[in-house]
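Visitor: I have just opened a structure that is new to me. Could you help me read it?

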Amino acid sequence: MQTNFLSQQFNAGFLAENSTACPANATICDGTSCVLPEDNFNQTLSVVLSTVLTIMLALVMFSMGCNVEIKNFLGHIKRPWGIFVGFLCQFGIMPLTAFLLSLAFDILPIQAVVVLIMGCCPGGTASNVIAYWVDGDMDLSISMTTCSTLIAMGMMPLCLFIYTKMWTDADAIVLPYNSIGLSLVALVVPVSVGIFVNHKWPSKAKIILKVGSIMGAVLIVLIAVVGGILYKGSWVITPKLWIIGTIFPAAGYTLGFFLARVAGLSWNRCRTVSLETGMQNTQLCSTIVQLSFTPEQLELMFTFPLIYSIFQLLFALLILGGYRLYRRHHIKTKTDAEKTAQTEDSKSGAKINGGFVSDEMK
């Protein structure tokens, strides 16, 4: 009798494990994919990892601030030609690109909305780390990230109102102003401390910067891995979203660089604007999506922010690798005369933009 009972239990467990049906606690089930409620273990793990990642991010932004000079930073704020170009890219190019991609691929309205939310988000802090590795203008990068996060409080509702009218009511989208505010504080405070350290102890700031840049590279990869591990949704989504998630960041990088060059910015600022345009705050997008839609709607598009995050990182690494190869080759083949000419050009070129006047064309 006991043997039969154990056999029945084993068979039931085997069938349950090999069945295509979703578990009983699934909030959504269509036979091929499920969305499960977060268990206690994942909730605890999420809190611990979020705390660790927040501390690491603050340290990384502190180290990035150690590469910023007060004079140059204030110069960008007072005469914001570079910031203005970045603003056009961030809240002009990206929402319009999201809108055109949604129309071109004829995706579902709810999917078009999440693509547009991604396009309307401000730049992410990962762009500051990559900008450092590609010899970008760190003063411009930090000021662009700060200003885009601050301006997002007004520009995100406006852009969503303009572009989502044909698909949904913009009032249905909940903007987490507290999260945007926290992102701003988490950026401004450690960067400000880093700027002060660089001003008072420049030699120590260089050491901190080297350590922080390596930590930043590790942090970017770690965030991507953690996002994949903790994600509790279905990866079975339409291939169209995968394609858009691939094209969108690539278009952001390319169009941002092109507009910056047309605006007359120098090469290092073009690279900076390109990265600030293509690298979005995907964590903010995920928060907005979770607050705004039902579990049934989330199944159709919740994976998109993670897809975008993966491809924006891949393309950023390709840009970094390409630049490093070019730089190595350029330094090896450059003659002494060319080096001297470049030094003279850098001395004569304006380090700080003179108001709404374009940079030197090289």
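Guide: Let us look at the nonpolar cores and then at a pair of helices. Please keep in mind that this is a predicted model.

Visitor: Gladly! Which residues have the most contacts inside the largest nonpolar core?

Guide: The general idea comes first: in soluble globular proteins, nonpolar side chains tend to be buried together. Here, the largest nonpolar core has 38 residues, and those with the most contacts inside it are Val115, Ile117, Met156, Phe248, Val289 and Phe304. Two or more residues each come from α4 (81–105), α5 (109–120), α7 (138–163), α10 (239–262), α12 (282–292) and α14 (304–333). The largest share, nine residues, is given by α5.

Visitor: Which residues does isoleucine 117 touch?

Guide: Leaving aside residues up to four places away in sequence, Ile117 touches Leu160, Ile173, Cys285, Ile288, Val289 and Phe293.

Visitor: Now the helices, please. At what angle do the axes of α4 and α5 cross?

Guide: In general, two packed helices are described by the angle between their axes and the distance between the axes. In this case, the axes of α4 and α5 cross at roughly 165 degrees and come within 8 Å. An angle over 145 degrees counts as roughly antiparallel, so α4 and α5 are roughly antiparallel to each other. The crossing of α4 past α5 is right-handed.

Visitor: Which residues make the contact?

Guide: From α4 come Gln90, Phe91, Met94, Pro95, Ala98, Phe99 and Ser102, and from α5 come Ala112, Val115, Leu116, Gly119 and Cys120. The residues of this contact divide into nine nonpolar, three polar and no charged.

Conventions
Residues are numbered from 1 along each chain as its sequence is written. This is a predicted model: local features need pLDDT of at least 70, side-chain atom pairs count only at pLDDT 80 or more; totals for chains, interfaces and linings use all residues. Side-chain values use heavy atoms; hydrogens and water are left out. A nonpolar core is a set of buried Ala, Val, Leu, Ile, Met, Phe, Trp, Tyr and Cys residues joined through side-chain atoms within 4.5 Å. Buried means under 20% relative accessible area, exposed over 50%, partly exposed in between (1.4 Å probe, protein chains only). Helices (H or I, at least four residues) and strands (E, at least two) are DSSP runs, numbered from the N terminus. Contact means heavy atoms within 4.5 Å. Axes are lines fitted to C-alpha atoms, for helices over the stretch in contact, and angles run from 0 to 180 degrees between N-to-C directions. Angles under 35 degrees count as roughly parallel, over 145 as roughly antiparallel, 65 to 115 as roughly perpendicular and the rest as oblique. A crossing is left-handed if the near helix is turned anticlockwise from the far one by less than a right angle, and right-handed if clockwise. Ala, Val, Leu, Ile, Met, Phe, Trp, Tyr, Cys and Pro count as nonpolar, Asp, Glu, Lys and Arg as charged, and the others, Gly among them, as polar.
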